[in-house]
Amino acid sequence: MAHKWGLVVDLDRCTGCEACVVACHAENNVPTVGKDQAAIGRAMQWIRVERSWEGDFPNPKVRFQPVLCQQCDAAPCEAVCPTYASYHTEEGLNGQAYNRCIGTRFCANACPYTVRSFNFFNPSWQKPLNLQLNPDVSVRSVGIMEKCTFCVQRIKSAEIQAEAEKRDLKDGELTTACAQSCASKALVFGDLNDPNSEVSRLASSNRAAKLMGELGTKPNVTYLDRGAWQDAKNS
Amino acid sequence: MKVLYALYADPETAQRAVDALHAACSELNFDERQIVIISGEPHEGYDFADSHITRRPYGWAVFGAAIGAGCGYLLTTLTQRAYPIFTGGMPLSPMWTDGIIVYELTMLGAILTALITLLVGAKLPNFKGVIKDPEIWLGKILVGVADPLESSQQDVQECLLGAGAAEVKQFSGVSD
Amino acid sequence: MQKTVEQIEQDLQRPTGRTQRAAERIEQDLLRPIFTTSGKYKVAVAVSGLLVLAGVAAFGYQLYTGIGVWGINSPVFWAFDITNFVFWIGISHAGTLISAILRLCNATWRRPVTRCAEAITVFSIVIGGLIPLCHIGRPWLGYWLIPYPNQRGIWPNFRSPLLWDFFAILTYLTGSTTFLYLPTIPDFAAIRDASTGFRKKICRILSLGWQGTPRQWQRLEIAMHIMAIAIVPVAVSVHTIVSWDFSMTLVPMWHSTIFGPYFVTGAIFSGIAALILAMALLRHFLHLEQYLTPLHFNNLGKLLLTMSLLWFYFTFCERLTTWYGNTPDEMAVFWQSIRLHFAPLFWTMVICNLIIPVPILSMKRFRTITGTAIASSTIIVGMWIERFLIIVPALDHKFLPFSWGVYRPTWVEDTLMASSFGMMALLYLLFSKAVPMISIWEMKVGLQPHGGGIITTAPAIAEPHGLVLEGPLPTDVPE
């Protein structure tokens, strides 16, 4: 059976530590642009942690929300790419073929979540970060759009390993860099087509909601939130 | 190519000259197709101008549009199917969006055929033996006979002068 | 053969004699700008040429450094670039559409207007077509949009509005260039016969060996008729497709069904304004006072007034629907543009597109050459702002408040924009030196007693006819 990769983000567990952001930078060779560029909106992050406040001083409640590519089943970014650089993989991921990308940036405008990062300049890494680039992930050049791949290099590697050993992938055998680094286990990655996987179990929780699910993009990232659960219970 | 011609100030006298040449062509041994008429602007309502009216270019334009539509269909639908890419449940060649490109290529086909029909119909480009007299740009109309027989030249001249021309000129075929 | 005084007077009394005299005058008046070059012309070419060079330099810098030298950021991935693209493609609706519609309606006053309108069209499509090439992240790979068999396994995605743009602009550019070129063939032949040297050689090729036989004239007119029929739906489709670049996405206030007709209206609106401005300049600098008359400005002014009201109608419909629907995503963008960050621009746009032009254009007293030119200048500014306000406020207030951003253009974008205007001026100036800006042979047809033309069978109104005939005799023409 084909896999359908999904991620669950438990907002009730997220502490906002941003370990996932750092892990993603390291795993996927996402360049750091420096504070001047970041200040004018050029920061490149495949996953970012959004922060909001509920209530006023002196008792504000801080809430964090990791936002990454939602790997939509009906992705607005894919249809608009003139060169098929944004495409749909057979495992339901929103792929991005860097070599095909000519940089129209149409996909980034079409994305309601603004999770696509554009290489405004050629990337560079401060020493010693330049020594830790992941050899499994290509480095992107100027003028190219990039985005979260659900660590497709890890998925492929695990699949090849399982195939060599002539067995099925086990739940929890592979995970993304962000989920792996999450200390509070707020991020859980797995196969949604496997009804017994942890991600399937969590995704069908009554705390589950999709980010802007009303747009009809059919995201594969699910957010768990007590607020949503309470709303569901009250209705 | 040698042309014996005269310049006429207005289309009425030009028409008279053309009529006279038509009447004389069998007697003077030249074909009707050897009659040359050249003007610096189109004239409507005179036999010499209206004898070429045809509606065929419209038909050709429609034909070209059909060719364009066919190319559009081939390009969008057939090539997409020949080059299948996994689109995640979205149709590989959706009719409505392909229709936009088919539409544009249909119009392109019509436009290009109109251009080709003009070039073929008006025998353009043609750089050899362009008959010209600068006075046609001042509103005069040139009427003459291309390559008349030596023996009948005198009669052609009289024919042209009889219609109201002041003088008969000769174009020797020297191009630029 | 020397004519006697009596013979000349006799000629003058015969209507054909007068017609011929007018034909001579048209020939002289309209060819004069081609053969004489003034100092002002050279200055204008130098200034616009420098602007183009500045744009080339800025683009080179952008290529070398990366598109980050622009002010675009996340989430405002499109800004000045696409604004200019939409603006110039909009301006291109000046010519082909107006001239084609006027041709099809047998509006004989169109004769002096069509050539300069069609030239605007061709050049602004060229500029509009270059902008997307400059704006992509890797401009050297722009040709990947062309579907042709290749070894790198790339085939374009026909579902992408950008590809529709590619095909629409291809068809429109081919059509408008043909539409501009066909009626210039006889004029090239006229220049060929009136000039010497290099110009003669070029015009000999461009005239394709045109002679002017009845058969050629007939075929030319019928080809123009077919082109006029074909180009109108193409022009409408082009700007509709440009609008689909926006409305096909989910972005608040982009995802709108009204965008197709709204953009086409705005395009024709800005196109007529550009045409009026160009005509006023041509009239002044090429001394075409007897050809581009107050009548033309009056008629185009009325058309401009209609479009201004139509533009307001569409803007009102669009904004009212959004405001009444009151969905939070759209209202964030709505208030940005009307009350908050972009409010000064928004209200400038309303003043430029409605409040200044409508009073000027609705009163006959003000619908003069100066009046329509003033209205057109404000409209061009207003329509540029309109395109900007469609694109940027929607992008920088898209859905999630966390990702809202601010856009500020850099000098590279400013230079490229100025350069696009310089390029328009330069191409137009060079064109006016190569081709008569008013179709000579079509003006002559206007002298014929019944208005002439195989397709144009309606009786001519006396305007160009009368004015040309009443003008001074050829000997009085100032050099």
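A crossing of two helices is called left-handed if the near helix is turned anticlockwise from the far one by less than a right angle, and right-handed if clockwise. Keep that handy for the exercises below, which use a predicted model.

**Exercise 1.** Work out how H4(C) and H6(C) run relative to each other, and with which hand H4(C) passes H6(C).

*Solution.* Start by finding the two helices: H4 covers residues 80–91 of chain C, and H6 covers residues 111–135 of chain C. Their axes come within 8 Å and cross at roughly 160°. Angles over 145 degrees count as roughly antiparallel, so that's what H4(C) and H6(C) are to each other. As for the hand, H4(C) goes past H6(C) in a left-handed crossing.

Now look at who does the touching. H4(C) contributes residues including Phe85(C), Trp88(C) and Ile89(C), while H6(C) brings, among them, Ile127(C), Gly128(C) and Pro132(C). Sorted by class, this contact has nine nonpolar, five polar and one charged residues.

**Exercise 2.** Find the domains of chain B and say how many Å separate their centres.

*Solution.* Domain 1 of chain B is made of two stretches, 3–52 and 126–171. Domain 2 takes in 66–121. Going by C-alpha atoms, the centres of the two domains of chain B are 48 Å apart.

**Exercise 3.** Describe the contact between chain B and chain C.

*Solution.* First, the residues: 63 come from chain B and 70 from chain C. Next, the area: the two chains bury about 5900 Å² between them, with 66% of it on carbon and sulfur atoms. Last, the top contributors in chain B: Pro42(B), Glu44(B) and Trp137(B) lose the most area to chain C, together 14% of what that side buries.

How values were computed:
Residues are numbered from 1 along each chain as its sequence is written. Chains are lettered from A and ligands numbered from 1 in the order in which they are written. This is a predicted model: local features need pLDDT of at least 70, side-chain atom pairs count only at pLDDT 80 or more; totals for chains, interfaces and linings use all residues. Side-chain values use heavy atoms; hydrogens and water are left out. Axes are lines fitted to C-alpha atoms, for helices over the stretch in contact, and angles run from 0 to 180 degrees between N-to-C directions. Helices (H or I, at least four residues) and strands (E, at least two) are DSSP runs, numbered from the N terminus. Angles under 35 degrees count as roughly parallel, over 145 as roughly antiparallel, 65 to 115 as roughly perpendicular and the rest as oblique. Contact means heavy atoms within 4.5 Å. Ala, Val, Leu, Ile, Met, Phe, Trp, Tyr, Cys and Pro count as nonpolar, Asp, Glu, Lys and Arg as charged, and the others, Gly among them, as polar. Domain bounds come from an automatic or database domain assignment. Buried area is the accessible area (1.4 Å probe) that two parts lose on being put together, summed over both.
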